[in-house]
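Dear colleague,

Please find below the structure I promised to pass on to you. I would be grateful if you could read my notes with the coordinates open beside them.

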Amino acid sequence: MAAILGVDVGGTFTDFLLWEDGRLALHKRPSTPADPAQGVLQGLTEVAWRPQAVVHGSTIATNALLERKGARTALITTRGFRDLLAIGRQTRPRLYDLAPRRPPPLVPDDLRVDVNERLDHSGQVLTPLDAGEVEALLDWLAEAGVESLAVCLLFSFLNPDHERAIAERAQDRGFYVSASCQILPEYREYERTSTTVINAYVAPVVARYLERLEEGLRSQGVARLAIMQSSGGSMSPRAAGQQAARTILSGPAGGVVGAFYLASQAACPQIITLDMGGTSTDVSLCPDRIPERTDTAVGDLPIATPAVDVVSVGAGGGSIARLDEGGALHVGPESAGADPGPACYGKALTPTVTDAHVVLGRVLPEYFLGGRLPLHVERAREALSTIAAPFDGDVLRAAASVIRVANANMERAIRLVSVERGHDPRLFTLVAFGGAGPLHACDLAEALRIPRVLVPPFPGILSAFGMVAAEPTRDFSRAVMRSIPSETGDEWRLVEDELEQAFRELAAHGRDEMAADGFDAQELSDRRFLDMRYLGQSYELTLPVDSLSPERFLPAFHTLHQERYSPCNPARATEVVNLRLKLVAPAQKPVLARLPDGGPDASEALVGRRTVWFGEETTAAIYERDKLRAGNRIEGPAIVVQMDSTTAIPPGWQAAVDAVGNLVVESRS
Amino acid sequence: MSTRCQPSDPAELAIFNALFAAVAEEMGLTLGRTAHSPNIKERRDYSCAVFDPHGRLVAQAAHIPVHLGAMPSAVEAALALAPFTPGDVVMLNDPYLGGTHLPDITMISPVFVSAGRRRRLAGFVASRAHHADVGGVAPGSMPLATDIYQEGVIIPPIKLYDRGRLNQAALDLLLRNVRTPDERRGDLEAQVAAHRLGEARLAEMVERYGLRPTWRQMAALQDYAERMTRAAIAAIPDGQYKFEDFLDDDGISDEPVPIRLRLTVQGDGLHCDFSDSAPQRPGSVNAVASVTKSAVYYLVRCLLDEQVPANEGCFRPVAFTLPEGSVVNARPPAAVSAGNVETSQRIVDVVLGALAQALPDLIPAASAGTMNNLAIGGYDPLRQRPFTYYETVGGGAGAGPQSAGLSSVHTHMTNTMNTPIEALEMAYPFRILEYGLRSGSGGHGRQRGGDGIVRRWQFLATGTLTIVSERRRLPPWGLAGGSPGQPGRNALERRDGQDIDLPSKCQLAVEEGDRLTLETPGGGGWGRA
């Protein structure tokens, strides 16, 4: 069997997870922010692993965007619309703001240019493109030192001829080119332009980085490199270099993929993920599949390519607690980060969520990060005493209140992805990971009546596991704008034929793309989706479809609409806005090895008892995760410690270790 | 400090603040996602809110500032229809009975929970959405009217739903009086859907936390917002600050319309005396009192932390003197459609001008000061249906002591999104020829004012065009020696090549091939260059 390595480069650490012959090996080392490839290659040398394939998630595109270190980029638009990028949607991000601000456009004023051309709303040419004008423009852009070019013309999603003509000429001249008809052939010009420009801005940076990395890996015997996408699939370095915008939100995707895959193996395919790190918590809901959305943004810049649907709240271990003048307690979104970090790190006196846990006895200093980072309990107490006045100076009550507010913020995020979208949380398992997720999971589950919590064996490194589990995938879309009458009839047959034809064309194009990356076109499987709405609405719902017959998919659409927004009206005409096609290549899936069976008695792993706050001070048993065996049972109140995370099991909850080492925690009530 | 205030649990304040806000936000999301008209679904010209059982605002989702202080008067008007039963939905748009201008249709519904054998009123949820057509003499329902009867159909507070049953006769009557009944029906249904959801969510909250604790938290959050507001006002130096500014005209005559404020800051309270403002005018620039209050509340809200809830408590420290029958407190039957969208912006300018004397290191110069409203209606021969289109265009923001003004943005009393051009052209018989920054229109200064926008339409069908705009003659002022922004400009090029300069407010017939250009004002500059 092939050995696959998942490598997740974060801001502070680079995580390595090797899967070989059913066994997992883990490694963690500091990242090398100046050139992340160095950290990856050095890490591989350190452990002397010999993987055949590496799946890689990096923040290279995200950082290039956030730090504004992308390529010198120009934008070509339809005449009269060169400022679309600057105008955006005409709104200010914060409503009540005497000095409203928006991020400046990625393309400066002088590099936003327009050409004389125009299509109408059906894709017909109103003003033809002038080849001479395009040449002159490219001359000028070359002279201006432009490296990368975004092309986004009005209605190109209906007729890409003009964009393609410009793109071909520009490619011949040596520009990196991102044409909107290739990046995102969908309607809404601002979001399409923004996505295309982001792609153009980061693509050269990503392509150069991947070239370096691929070369280095090849010299270490790695045959195949794959790149994590925002959508949760992986793609080739070639494709990632062209479609770099699709990697920008890959950070949270790895964890969701890992959680979903692991939970499916444990026969829990309906999950809510809770990924709590230092500054924020990411939540997603997977109803038998990994959910995606296409209306995301990074730093207020919209990106409309698919990304795993994750809701993020500013509540993490480092989130700062403060009292305002009106007497309300706020937790986050400001974070103490890794430096100075929570007060218990010994550098500052700002109270954080982690400090509250330390004071409440839920985080044990001697086990934190395997004891490598000494924690100062007294500093945590001192920090919390600064906000204890309204609690009659009671530091424990202050700490418990910090946890309550942080939990309320996370509960809101979970409600947003579940109740507010028509899902009943009682039918789901909460998968908790990240350093702090398992500390809060049972409290949240109790509040939302989620019956079960699953804590993976390696909660702090789940994202790298997700990369190993990610399927090689490409997403393709096409705007069709096809209205469907509500009444059955000949029109419905026509719809079916048209959609089938369009999907076939899309699939042919997609197979060519994936074949270029060495995949066997015959082995690819198709997943089809329709972006649908009632005729007249502006927002689409993405509906997975097996059949393109309206008889089959319309009822599913009505149901989905009912779930999400409550009103549903089968008598109304509908519209298919986009087709979406996901091509998936077959891949080996990591299967976790079984743990030796230890029976229900967990006393082998019991390392002591401590006073811990669970609504009141109680005596809790402390267990070491590494010593737990399959079948072990733990009664709350208990704390399970491990190198990269801590699990809190409140009174009334019981944990069981499953065959592969997941902690499955259930409420006894 | 309010005497009703009791020490509240700091964690519960934050938690319930977020819970009530979540109800309003989720309502807003549903409304936007299910509405039919671009004005609601794309531009998000709506607001949703939660009220306590006495009709006092508890939480409002941050969508449109002009709705902020104006929703409470709608709830107050609806209370006249008490007693309520479960399933009731009150609807109104009467500016003289809880509304602001006719296109803004407000719904209010009571939320009941069972307490033992009895049903108790837990509170209200409310929504307000700008409907692109509510009848009247011109499509878009923002006509150059001289009384309110010309502006559209007036809906006094009525029960659209009574015990959960639709009042079909009332709905039929309403829909028969508008030009685009299908779109109206879809938007009203979306509003009702948002209410049903909001009612369920608030009821769930009560079920989880109990009725009395929920009420207690509603009151605690109002007291909390009051404390925060008073603290912010106390930081303004005491004194009396005067300022005046003018609307270009009222659309009927050319005479500028003065708005004058004497602002008194004393301790932790504000008093806004608009006594010397113009008497109400024959045109539609008259604002009802709730619009004037909204504009003031908006600025007060700008002085507060983002986390402070926009609720009743923010209003308590602010007192008003609003002369009856003036442009800031109109009496029937004055026309009011522009009062909400344009006069509200000028009231903001007047308050800013007064506050700038007290807080010179904080307050920015005047922004574009207009929403650049445009409505077009007629019959679309291609799609064979009547159409009504309403859009507003952003301008430049005023520069502040610390930063340049933002360009091409909606300022102060509105924050609606534009309609994507591709969505527009697929739905309406016109084409956009240009949509760009109006370079150099921001005022000069140490900090530059933001630039306005140039937008050009070409009409593909005959129709009626209404423009309601401001700052076409009197530019947005600069501060501390900064120069004013460029005033805006409206122009029509007829298909035969004839160029016409249009006034700030006008209503005229357009034909296929005509081209309209709007150049919107830049923001004022700050400080000597």
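This is a predicted model: local features need pLDDT of at least 70, side-chain atom pairs count only at pLDDT 80 or more; totals for chains, interfaces and linings use all residues.

Strands of chain B

Strand E9 of chain B comprises residues 257-266. Its covered face is made up of Val257(B), Ile259(B), Leu261(B), Leu263(B) and Val265(B), while Pro258(B), Arg260(B), Arg262(B), Thr264(B) and Gln266(B) form the uncovered one. In a regular strand, side chains alternate between the two faces of the sheet.

E9(B) pairs in the antiparallel sense with strand E8 (residues 239-247) of chain B over nine bridges, and Ile259(B) is the bridge partner of Asp245(B). E9(B) also pairs in the antiparallel sense with strand E10 (residues 269-273) of chain B, over five bridges; here Thr264(B) has His271(B) as its bridge partner. Two residues separate the strands in the hairpin of E9(B) and E10(B), where Gly267(B) takes a positive phi near 60°.

Cis peptide bonds

The bond from Gly636(A) to Pro637(A) is cis, with omega near 5°. Pro637(A) lies in the loop between strands E30 (633-635) and E31 (638-642) of chain A. In chain B, Pro332(B) and Pro333(B) are joined by a cis peptide bond with omega of about 5°; Pro333(B) lies in the loop between strand E11 (318-321) and helix H9 (337-358).

Positive phi outside glycine

Ala48(A), in the loop between helix H1 (36-47) and strand E4 (53-57) of chain A, has a positive phi of about 55°. Ala48(A) is exposed, because 7 other C-beta atoms lie within 10 Å. Phe155(A), in the loop between strand E9 (148-152) and helix H5 (161-172) of chain A, has a positive phi of about 60°. Phe155(A) is buried, because 25 other C-beta atoms lie within 10 Å.

With kind regards

Notes. Residues are numbered from 1 along each chain as its sequence is written. Chains are lettered from A and ligands numbered from 1 in the order in which they are written. A residue is buried if 20 or more other C-beta atoms lie within 10 Å of its own, exposed if 12 or fewer, and partly exposed in between; C-beta atoms are placed from the backbone. Helices (H or I, at least four residues) and strands (E, at least two) are DSSP runs, numbered from the N terminus. Two strands pair if DSSP finds at least two bridges between them.
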